[in-house]
Amino acid sequence: MSQPALLLAFDAVLLATLLALALAAVLSPEPRRAVMLFIAFGLWLSLVWARLHAPDVALAEAAIGAGLGGALMLAAARRAARAARSNDDEAAG
Amino acid sequence: MTQTSDRARQRAQARAQERARDLSLLLGVLLALLGAVLLGLYYLALDGGAAPRLAELALARLPESGVGNPVTAVLVNYRAFDTLVELAVLLAAVLGIWSLGPAPPGFQRSGAVLAGMVSWVVPLLIVASGYMLWVGGYAPGGAFQAGALLGAAGVIVRLAGDPTAGLPAEATQRWLLVLGVLVFALVGLGLMLFGAGFLTYPPKLAKWLILLIESAATIAIAAALAAAYVGGRPAPSKAAIDDYGSDSSP
């Protein structure tokens with residue numbers, strides 16, 4: 001296979017996985033799982049940015065979109081789960 | 001009597017379910033329409049290639065901008081006002097988070113293994129952040145990436161058991177949070193005093209002014225991101241921190 005064809009195949013895999021990760025993150029019913037899929041999506045997206053010759057955006061996406069955004073959303077999911085649990089306890093008790 | 005009320009409740013439930021389904025269907029259709037419109041716009045933008053783009057203009061004026069990296073030149077020189085307002089947005093986000101109330105308790109103190117890893121990773125992140133800030137002048141990098149790395153150091157410190165995420169007491173923390181907007185605005189106003197426009201750097205000074213602004217922005221962004229991860233107003237005193245610090249959530 002020549003190089004352009006290989007690159008095209010690589011891009012196709014990249015895009016298909018990106019879309020699959022995005023769909024999985026949106027359709028996941030459980031917040032914690034959705035956040036983890038979103039982090040994976042962010043890291044994958046930074047690969048796509050790097051492929052588009054935009055290393056600045058790739059760096060920002062990996063650091064802010066996947067890293068810190070993911071940490072913030074994980075904390076939010078944890079707090080939401082805890083709030084839901086204490087609500088359930090109140091309703092039961 | 002109870003039967004009829006049961007039936008009424010069931011009917012109400014079914015109605016609510018139907019309404020929720022209709023709403024999600026409507027949202028789906030609207031989002032699909034939005035996606036189609038965006039796709040069309042992107043296609044038009046890609047197709048209209050013959051017209052001169054801004055990129056050539058930006059590259060042509062790069063030697064006057066004081067930095068060698070076109071992205072940094074756009075962010076802190078050509079469109080400095082946008083970046084100033086972006087920093088203000090981050091500040092507003094932290095104000096919103098602080099208005100939610102006091103910070104939730106931190107995590108339990110980490111064990112020896114995690115503590116050992118943290119004592120390696122955090123200095124590494126700080127050095128990497130400084131490098132990212134400096135390299136932004138001529139290669140990919142810059143204040144936002146550097147601030148994110150420094151903020152990540154704060155997140156790791158909080159995960160390892162320090163409830164303040166390594167941030168100082170509230171009074172100092174406020175200064176750190178506003179530092180980016182403050183320095184940016186002061187530089188702009190100072191330039192106005194000396195006869196240039198707001199944030200129009202003279203080419204000789206541009207490099208140092210940009211470095212000054214980027215350093216302040218890095219610290220402010222890092223403080224804002226770490227404060228966002230803390231998730232509330234910092235505890236007022238050391239005694240209160242000691243009260244908070246013993247939560248055992250995983």
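**Entry 1: chain A**

In what order do the elements of chain A run from the N terminus on? I read them as α-α-α. Chain A has three helices and zero strands; helices are DSSP runs of H or I with at least four residues, strands are runs of E with at least two, and both are numbered from the N terminus.

I note at the outset that this is a predicted model, in which local features need pLDDT of at least 70, side-chain atom pairs count only at pLDDT 80 or more, and totals for chains, interfaces and linings use all residues. Residues are numbered from 1 along each chain as its sequence is written, while chains are lettered from A and ligands numbered from 1 in the order in which they are written.

I next looked up the extent of chain A. Its radius of gyration is 18 Å, well over the 12 Å that the globule rule gives for 93 residues, so chain A is more spread out than a compact globule. The radius is taken over C-alpha atoms, and the globule rule is 2.2 Å times the number of residues to the power 0.38. Along the principal axes, the C-alpha atoms of chain A fill a box of roughly 70 × 25 × 10 Å.

I find that 19% of the 93 residues in chain A are buried. A residue is buried if 20 or more other C-beta atoms lie within 10 Å of its own, exposed if 12 or fewer, and partly exposed in between, with C-beta atoms placed from the backbone. Of the contacts in chain A between residues at least 6 apart in sequence, 46% join residues at least 24 apart; a contact requires C-beta atoms, placed from the backbone, within 7 Å.

**Entry 2: chain B**

I looked up the corresponding values for chain B. Its secondary structure comes to 10 helices and zero strands. The radius of gyration of chain B is 25 Å, well over the 18 Å of the globule rule for 250 residues, so chain B is more spread out than a compact globule. I take its box along the principal axes as roughly 85 × 60 × 40 Å for the C-alpha atoms.

Buried residues account for 32% of the 250 residues in chain B. Among its contacts between residues at least 6 apart in sequence, 79% join residues at least 24 apart.

Two packed helices are described by the angle between their axes and the distance between the axes. I looked up both for two pairs.

The axes of α8(B) (residues 170-193) and α9(B) (residues 206-230) come within 8 Å and cross at roughly 150 degrees. Axes are lines fitted to C-alpha atoms, for helices over the stretch in contact, and angles run from 0 to 180 degrees between N-to-C directions. The two helices are therefore roughly antiparallel; angles under 35 degrees count as roughly parallel, over 145 as roughly antiparallel, 65 to 115 as roughly perpendicular and the rest as oblique. By class, their contact has 17 nonpolar, two polar and no charged residues. Ala, Val, Leu, Ile, Met, Phe, Trp, Tyr, Cys and Pro count as nonpolar, Asp, Glu, Lys and Arg as charged, and the others, Gly among them, as polar.

Helix α5(B) (residues 80-98) packs with α8(B) at about 155 degrees, with the axes 9 Å apart. That makes α5(B) roughly antiparallel to α8(B). I list Leu84(B), Leu87(B), Ala88(B), Leu91(B) and Val94(B) on the α5(B) side, meeting Leu177(B), Val178(B), Gly180(B), Val181(B), Phe184(B) and Ala185(B) of α8(B). This contact has 10 nonpolar, one polar and no charged residues.

**Entry 3: where the chains meet**

How many residues of chain B are in contact with chain A? I find 15, in contact with 11 residues of chain A. On the chain B side, the elements giving two or more residues are α7(B) (143-159) and α9(B). The largest share, seven residues, comes from α7(B). By class, the chain B side has 10 nonpolar, five polar and no charged residues.

**Entry 4: positive phi**

Most residues other than glycine have a negative phi. I looked up two residues with positive values.

His53(A) has a phi near 60 degrees and is found in the loop between α2 (31-51) and α3 (55-92) of chain A. Is His53(A) buried or exposed? It is exposed, with 8 other C-beta atoms within 10 Å.

Leu199(B) also has a phi near 60 degrees and lies in the loop between α8 and α9 of chain B. Leu199(B) counts as buried, with 22 C-beta neighbours inside 10 Å.

Definitions and conventions
Contact = placed C-beta atoms within 7 Å.
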